[in-house]
Amino acid sequence: MIPFGFIFLGLASISEMIDHTQTSWIYVDHSSLFNWLFYSFLSLGLTCLSISVIKSEFILKTSFCISLCSIISYFLFDKTIAVLFQVIISILLIINWQRVFKDWFFILYPIFGIFFTAFFGIRLSISGDQFWHVLIGPSGTISVLTFYLVLKRSKKKIT
């Protein structure tokens, strides 16, 4: 599931870039097919990473249901509701990965992937200043690199 998680996160990034080409790389708070794909692939990627380290069939099914709720709620309600489901997915991911890897380095994921990206996104929405938009991508990238680095560090401990 880990490779699928990274593939979905890559597809999310591509979808976001395509969406930005349609807005001349200026942040526009809107709903579109590519914006939906971004949130959908992000949800699937985080879910795949989360369930990659668990064995419970119940948690696996629950995680996929939450991911499906995130994907569907984007169109039924709006992306705010989708993001709320993604927060739940992220909490499960943090619990599952920290339980398995017990690596202090993993703290970088919630710092950059949740707190900083949310802070920058809120600042962008409130102010409209595109400067905040420039910071969201690198913050998200650091959060994804955290998964890779935790996995890499884990293999070093095993061998």
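**Figure 1. Contacts of Ser-70.** Leaving aside neighbours within four places in sequence, Ser-70 is in contact with Ser-43, Ala-82, Phe-85 and Gln-86. Contact means heavy atoms within 4.5 Å. The model is predicted: local features need pLDDT of at least 70, side-chain atom pairs count only at pLDDT 80 or more, and totals for chains, interfaces and linings use all residues. Numbering runs from 1 along each chain as its sequence is written, and side-chain values use heavy atoms, with hydrogens and water left out. Ser-70 sits in helix 3. Helices are DSSP runs of H or I with at least four residues, numbered from the N terminus. The relative accessibility of Ser-70 is 2%, so this residue counts as buried. Buried means under 20% relative accessible area, exposed over 50%, and partly exposed in between, with a 1.4 Å probe and protein chains only. The Ser-70 side chain also reaches the backbone oxygen of Ala-82, at 3.1 Å.

**Figure 2. Helix 3 and its cover.** Helix 3 covers residues 57–76. Its 20 residues should span 28 Å at 1.5 Å a residue, and its end C-alpha atoms are 28 Å apart, which agrees. The expected span is 1.5 Å times one less than the number of residues. Which residues of helix 3 are buried? They are Ser-63, Ile-66, Ser-67, Ser-70, Ile-71, Ser-73 and Tyr-74. Helix 2 (33–51) and helix 4 (79–101) are among the elements that cover them.

**Figure 3. The largest nonpolar core.** This core has 17 residues. A nonpolar core is a set of buried Ala, Val, Leu, Ile, Met, Phe, Trp, Tyr and Cys residues joined through side-chain atoms within 4.5 Å. Leu-93, Trp-97, Phe-106 and Phe-147 touch the most other members. Helix 2, helix 4 and helix 6 (131–158) each supply at least two residues. Helix 4 gives the largest share, 4 residues. Leu-93 touches Leu-46, Leu-49, Ser-50, Phe-106, Tyr-109 and Phe-147, not counting residues up to four places away in sequence. A second, separate core has 9 residues, including Phe-38, Tyr-39, Tyr-74 and Ala-82. In soluble globular proteins, nonpolar side chains tend to be buried together.

Figure 4. How many aromatic pairs does the structure hold? There are 18. Rings of Phe, Tyr and Trp (its six-membered ring) pair if their centres lie within 6.5 Å; planes under 30 degrees apart count as stacked, over 60 as edge-to-face and the rest as tilted. The ring centres of Phe-106 and Phe-147 are 5.8 Å apart and their planes stand at 55 degrees, so this pair is tilted. Phe-106 lies in the loop between helix 4 and helix 5, and Phe-147 in helix 6, so the pair ties together parts 41 residues apart in sequence. Both Phe-106 and Phe-147 are buried. The pair of Phe-119 and Trp-132 is edge-to-face, with 5.8 Å from centre to centre and 90 degrees between the planes. Here helix 5 holds Phe-119 and helix 6 holds Trp-132, so the pair ties together parts 13 residues apart in sequence. Phe-119 is partly exposed at 43% relative accessibility, whereas Trp-132 is buried at 17%. Phe-119 and Trp-132 also belong to one aromatic cluster with Phe-112, Phe-116, Phe-120 and Phe-131.

**Figure 5. Helix 5 and its end.** Helix 5 has 20 residues and reaches 26 Å from first C-alpha to last, close to the 28 Å expected at 1.5 Å a residue. Where does helix 5 bend? The bend, of about 25 degrees, is at Phe-116. It is the angle between axes fitted to the seven residues ending at a residue and the seven starting there. Tyr-109, Pro-110, Phe-112, Thr-117, Phe-120 and Leu-124 are the buried residues of helix 5. Ser-127 is in helix 5 (residues 108–127). Its relative accessible area is 40%, so Ser-127 is partly exposed. A polar atom of the Ser-127 side chain lies 2.7 Å from the backbone oxygen of Arg-123. The backbone nitrogen of Asp-129 lies 3.0 Å from a polar atom of the Ser-127 side chain. Just after helix 5, Gly-128 takes a positive phi of about 75 degrees.

**Figure 6. His-20 and His-133.** His-20 is in helix 1 (residues 2–21). At a relative accessible area of 8%, His-20 is buried. Its side chain makes a polar contact with the side chain of His-133, at 3.1 Å. A polar contact is a pair of N or O atoms within 3.5 Å; within protein, one must be able to donate a hydrogen and the other to accept it, and residues adjacent in sequence count only if both atoms are side-chain atoms. Not counting residues up to four places away in sequence, His-20 touches Trp-25 and His-133.
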